[in-house]
Amino acid sequence: MGVIVIKLGGSLEGSAGAALAGAVQEAGRRGSPVVLVHGGGPRISKRLRDAGIELPFVNGLRQTSEEAMPHVMAALAECNRDIAEALAGRGVDVAAFADGEIVVAKDVGRLRTGDVAAVRVDPVRGAVASGCVPVIAPFGRDAAGRPYNINADHAASHIAGALGATRLVFLTDVPGIYRDFEAGDLLLDTTPDELEHLLQAGAFSTGMIPKVNAVLHAAQHGVREVWVVDGRDLEVLRMAMFGTSERRAAGTRLVAHKEGVTA
Ligand SMILES: Nc1ncnc2c1ncn2[C@@H]1O[C@H](COP(=O)(O)OP(=O)(O)O)[C@@H](O)[C@H]1O
Ligand SMILES: CC(=O)N[C@@H](CCC(=O)OP(=O)(O)O)C(=O)O
């Protein structure tokens, strides 16, 4: 059974707890290994505000200064602990990775905002093999141990690709990716070409820019199905994770094709 990577958006601020726990428990019963990667944008913003630090976003990425980095790491560690405790409280065995030990970061000349150079898959595979759900904070460290702030959608797509996951499901606070957000025109089944075209046309703003890039990255790196769904809706989450229930008019799906044949 292939690994399912779930990316839990910080936008949900804990509101996906019940649906997530239900889906993770069902995955356990079905024998499907789940790996969880989480964000924490709003919690990071609050901590930075409290510390009097204001940082700009460029294409949905926080331009992170040296002095901001301890606050970013503290906020993500807090999110990681809350998620791990919530799942453990519902009987799920979890393995928390909250110190940047999974994502190897790369300096891209934007202060402490980094990119993913590689993923350390062995500790994640080890946790899965021992029956645990890894809960991974998205920030990373370079070879010298220096921490970098990495967008959680980017981290999740690299982790899914590196693990050879069959599915990657982004849980967020909207029903999927909108072709036109204002008009409420939701994409159901989409293609890389359509997403590239909409990206160039400026259909996405804020956190949807890195999310769409992450969807494309995962599909290009062997993940067969990539979904963006409302994390509060257990039925849609089950549809995305297990493909069991009928396709509903909710959630955006990208199915990767190889040489014209469904992979
Ligand atoms: N075209 C679009 N379709 C859907 N959401 C969009 C679009 N453009 C911008 N957004 C915004 O992207 C947000 C989701 O990104 P983000 O806040 O980073 O979520 P998360 O924390 O779940 O990763 C939505 O709440 C919405 O406001
Ligand atoms: C570089 C960068 O932008 N990092 C993100 C990391 C957290 C994140 O991505 O959280 P969400 O999934 O809630 O958006 C940030 O500082 O907000």
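Which side chains meet in a salt bridge at 3.6 Å, N to O? They are those of Asp189 and Arg247. Before I go on, note that this is a predicted model.

Let me place that pair. As for accessibility, Asp189 is partly exposed, with a relative accessible area of 43%. Arg247 is also partly exposed, at 28%.

Asp189 has another partner. Its side chain meets that of Arg253 in a salt bridge, with an N to O distance of 2.6 Å. Here the link runs from strand S14 to strand S16, so parts 64 residues apart in sequence are tied together. Arg253 has a relative accessible area of 22% and counts as partly exposed. The cut-off matters for that call, because buried means under 20%.

Next, a pair inside one helix. The side chains of Glu235 and Arg238 form a salt bridge at 3.3 Å, N to O. Both residues are in helix H8, 3 residues apart, which means that about one helical turn separates them. Arg238 is buried, at 18%.

There is also a network. Salt bridges link Arg43, Arg47, Glu78, Arg81 and Asp82. In total, the count for the model is 21 salt bridges.

Now the ligand. Which residues come nearest to ligand 1? Of the 20 residues around ligand 1, those are Ser11, Thr172, Asp173, Tyr178 and Lys211.

I will go through some contacts to oxygen atoms of ligand 1. The side chain of Thr172 has an N or O atom 2.7 Å from one ligand oxygen. For Lys7, a polar side-chain atom lies 2.9 Å from an oxygen atom of ligand 1. With Gly10, the backbone takes part: one of its N or O atoms lies 3.3 Å from an oxygen atom of the ligand.

Strand S11 (167-172) and helix H7 (208-220) are the elements that give two or more residues to the shell around the ligand.

How values were computed
Residues are numbered from 1 along each chain as its sequence is written. Chains are lettered from A and ligands numbered from 1 in the order in which they are written. This is a predicted model: local features need pLDDT of at least 70, side-chain atom pairs count only at pLDDT 80 or more; totals for chains, interfaces and linings use all residues. Side-chain values use heavy atoms; hydrogens and water are left out. A salt bridge is a side-chain nitrogen of Lys or Arg within 4 Å of a carboxyl oxygen of Asp or Glu. Buried means under 20% relative accessible area, exposed over 50%, partly exposed in between (1.4 Å probe, protein chains only). Helices (H or I, at least four residues) and strands (E, at least two) are DSSP runs, numbered from the N terminus. A residue is near a molecule or strand if one of its heavy atoms lies within 4 Å of it. A polar contact is a pair of N or O atoms within 3.5 Å; within protein, one must be able to donate a hydrogen and the other to accept it, and residues adjacent in sequence count only if both atoms are side-chain atoms.
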